[in-house]
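I open this notebook to record what I looked up in the structure shown below.

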Amino acid sequence: MNGKNVAIMQPYVFPYIGYYCLVQASDTFVFYDDVNYIKQGWINRNRLLLNKVPYTFTIPLRKRSSFQLIKNINVLDIKKFKSKFIKQLEQSYSKACNYQVGMSYVDKVLDTDIDLISQLAMKSVTDFFEMLNIEKNFLVSSERFGETKGIDKADRLITIVKSLDSENYINPIGGTALYNKQYFSDKGINLSFIKAKLEKYKQLGGQGFVGGLSIIDLIMNNTIDELKPHLVNYELV
């Protein structure tokens, strides 16, 4: 593929490494915040190990609904959530090799007066790349591409990519059931799907390795130098 790569994805809070691979694979990453909130999705929740077993943490929201846009949904008492969450991390990861760095990252993300889940989720991603000293170009769909709202799903993505003077769009692997490569090609866009390779790493678990956890688990259990290769451990199909 020639030219720069564009990726577009809903903002997720402390997502798994595959989300960060998508960012890393792109030259411009667009947070898709003006689409509907997905109930039981990963926008405000993820998994980590609590007492050595998988545990799903959820950031509480005010009146969430699948009829609301992500950008309009408020967090419910982030300070209360942070207090409980930090204690859980201390209990579960205090012996992890990169504990201090991991806790500093989480503390920085949650040490905020942000009241919107979209902004908090975006911060969890941008702060990660800042921690690694990796510069990325981030945009927000509601701020930059609001005029495209209402266009059909695939065509809106195509319109956004073209407006960024790109011919290359990268979508998460789950999109293979939604988007057709030929359709994108007919519109002048090369569509690729990213497949993250979830390599095992030393983990403070008791039941064997658990993959696909929040980035928090990966940070806690790896030094920065060990963590970076995970960002480029993917393939485009």
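I took helices (H or I, at least four residues) and strands (E, at least two) as DSSP runs, numbered from the N terminus, and the expected span of a helix as 1.5 Å times one less than its number of residues. I worked from a predicted model, in which local features need pLDDT of at least 70, side-chain atom pairs count only at pLDDT 80 or more, and totals for chains, interfaces and linings use all residues. Residues are numbered from 1 along each chain as its sequence is written, and side-chain values use heavy atoms, with hydrogens and water left out.

Entry on helix H4. I checked H4 (residues 117-131): its 15 residues reach 21 Å from first C-alpha to last, close to the 21 Å expected at 1.5 Å a residue. I found H4 mostly covered, with eleven of its 15 residues buried (under 20% relative accessible area; exposed is over 50%, partly exposed in between; 1.4 Å probe, protein chains only). Among the buried residues I noted Ile117, Leu120, Val125, Phe128 and Phe129. Asparagine 133, which follows H4, has a positive phi near 60°.

Entry on the sheet. I read an open sheet of six strands in the order E5-E2-E1-E6-E7-E8, with mixed pairing; two strands pair if DSSP finds at least two bridges between them. Strands E5 (137-140) and E8 (234-236) stand at the edges with a single partner strand each, so one side of each lacks a neighbour in the sheet. I found E2 (residues 28-31) joined to E5 by four bridges, the two running parallel. Threonine 28 stands opposite asparagine 137 in E5.
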